[in-house]
Amino acid sequence: MSAPMSSAQISEQETNAALPAPKPQISLPEPEKPKGSGFRKWIVVLVIALAVGAAVWKIRKNSQEQVTQGQKMAAMLDRPTPVQVVAVQQKTMPIYLTELGTVTAYNTVTIKSRVDGQLIRVNVTEGQTVHQGQLLAEIDPAPYQAALAQAEGQLVKDQAAAANATAEAARYTALLDAGVVSKENQQAQVSTAGQMEGSIDADKAAIQAAKVNLAYTKITSPINGVVGLRQVDPGNIVHAADTTGLLVVTQLQPIAVIFTLPEDHLQDVLKLTRNGHTLAVEAYDRSGTTHLASGKVLTVDNQIDTTTGTVKVKAVFDNKDGALFPNQFVNVRLILEQRANSLVIPAAALQSGTQGSFVYLVHPGDPPANLLTNGSDSGTQGRRRRAAGATNAGAPAAGAGAGNGGGKQNQAPFWAEARPVTVDVTEGTQVILKDGVSVGDSVVVDGQEKLRNGSRVIPTKATRVFAADSIGAQTGTSAPTGNAGQAGQNQQHGQPGNAGGTRP
């Protein structure tokens with residue numbers, strides 16, 4: 001027996017029976033394609049093709065520019081370099097020590113009064129040059145003139161009394177011989193006469209003291225020198241016990257310079273001085289460029305300063321032109337030796353590389369074949385340049401006239417050689433060499449930063465360098481230096497230096 005159906009199920013069945021059967025679906029027409037889509041595709045393809053073509057053109061253009069730039073750089077490296085040269089000299093060179101010194105007055109005297117009184121006159125002006133014995137100032141002499149007159153009057157009085165006492169002593173001696181007076185009375189008279197003689201001597205000494213005091217009222221200079229600023233004005237009362245002087249006189253001719261010497265060099269100096277050598281000393285200004293005076297060593301101090309490890313040395317200078325002044329700081333050159341026949345070059349010519357010191361020597365002609373194969377002036381560009389120089393005679397070289405050493409292609413060729421040298425001593429702006437060069441060799445002093453071993457050059461004589469060097473040897477001025485040593489690490493290996501350096 002089946003279960004009865006619910007009302008909901010009955011309603012659903014009724015509803016399904018009442019709905020009509022679904023109709024078959026009708027297919028819709030396809031949407032129309034937009035017009036011009038093919039044209040747009042062609043435009044996109046064309047834009048892409050243009051972009052690719054522009055990129056390819058830009059890449060090829062950059063490559064061509066790089067090739068052109070490389071060719072220009074190679075041509076610049078192949079071009080002769082203008083340089084300045086000087087000849088190696090053989091001359092006597094001083095070997096010296098450079099120290100700091102202080103100028104000190106040879107003598108300094110503070111003028112003081114030796115008697116008390118009123119200062120009535122100062123006979124010199126401040127800064128005046130005075131001589132020994134010249135009158136500087138005067139003190140009121142009236143009290144001392146009176147004291148001298150008093151001492152002279154006392155002398156006259158005592159002389160009269162002494163004459164009377166001498167006569168009395170003579171009489172008493174005669175009476176003693178006659179037996180009239182005693183021996184005691186006669187000796188008393190003789191003693192009185194002797195006392196009066198002593199009084200006369202004391203009076204004479206008092207007169208001399210009065211004369212000395214009177215002389216002290218006129219103050220004179222004890223040395224030759226220059227008067228400083230006046231410290232007491234006329235009209236003031238001065239005393240012998242005053243701590244402040246009237247004037248200060250300093251002796252400037254001659255004048256002294258005291259400088260310190262390291263104890264490591266002390267034995268070298270003492271060895272020369274003990275053997276009777278007179279060591280010359282040159283004084284330069286604070287910058288070390290201006291020669292002030294020439295003198296000689298006077299003495300070496302008797303002890304070393306343990307705090308600094310130095311010893312004081314005193315030198316004396318004539319200072320006739322007054323170039324040195326007390327308490328002035330100077331650079332002192334103590335000349336130990338005058339080395340004859342030294343090979344000398346300017347310090348600007350010396351270069352430093354991985355294998356030591358070297359200089360560039362300039363030779364006439366073309367560089368050797370072994371240097372050409374190392375890249376200094378080799379390859380097709382070098383041959384083209386030399387051929388152009390042979391065919392285009394008279395054409396100005398690139399960069400001619402732009403700097404020192406500008407010339408023409410048809411002038412005699414020169415080349416630079418990197419020559420190792422051994423440095424003996426460097427003295428200021430000049431260098432003494434042991435070997436590596438000969439007298440008369442031309443060394444480069446300006447333009448080395450653009451050179452390498454075997455480079456072609458256009459040399460020009462540097463007249464200023466030797467003039468400055470000679471001044472530097474005498475007056476301490478510095479020689480002009482070029483941009484040397486900037487590419488020293490590469491020059492020994494035949495590699496190009498820093499061509500971008502500037503020239504003075």
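Analyst: Happy to. A residue is called buried under 20% relative accessible area, exposed over 50%, and partly exposed in between (1.4 Å probe, protein chains only). This is a predicted model, in which local features need pLDDT of at least 70 and side-chain atom pairs count only at pLDDT 80 or more, while totals for chains, interfaces and linings use all residues. Numbering runs from 1 along each chain as its sequence is written, and side-chain values use heavy atoms, with hydrogens and water left out.

Let's start with the pairs. Taking a salt bridge as a side-chain nitrogen of Lys or Arg within 4 Å of a carboxyl oxygen of Asp or Glu, the count comes to eight. One of them joins Glu138 to Arg121, with the closest N and O atoms 2.8 Å apart. Glu138 sits in strand E5 (residues 135–139) and Arg121 in strand E3 (residues 117–122), so this pair ties together parts 17 residues apart in sequence. Helices (H or I, at least four residues) and strands (E, at least two) are DSSP runs, numbered from the N terminus.

Arg171 and Glu168 meet with N to O at 1.9 Å; both belong to helix H3 (residues 142–178), where they are three residues apart, about one turn of the helix. Arg171 is partly exposed at 43%, and Glu168 is also partly exposed, at 22%.

Then there is Arg339 with Glu337, whose salt bridge spans 3.6 Å, N to O. Here Arg339 has a relative accessible area of 22% and Glu337 one of 37%, which makes Arg339 partly exposed and Glu337 partly exposed too.

Finally, a charge left without a partner. Glu427, in strand E17 (residues 422–427), is buried yet has no salt bridge. The nearest side chain of opposite charge is Arg333, 6.8 Å away, where Lys and Arg count as positive, Asp and Glu as negative, and His and the chain ends are not counted. Setting aside residues up to four places away in sequence, Glu427 touches Met93, Pro94, Ile95 and Tyr96, contact meaning heavy atoms within 4.5 Å.
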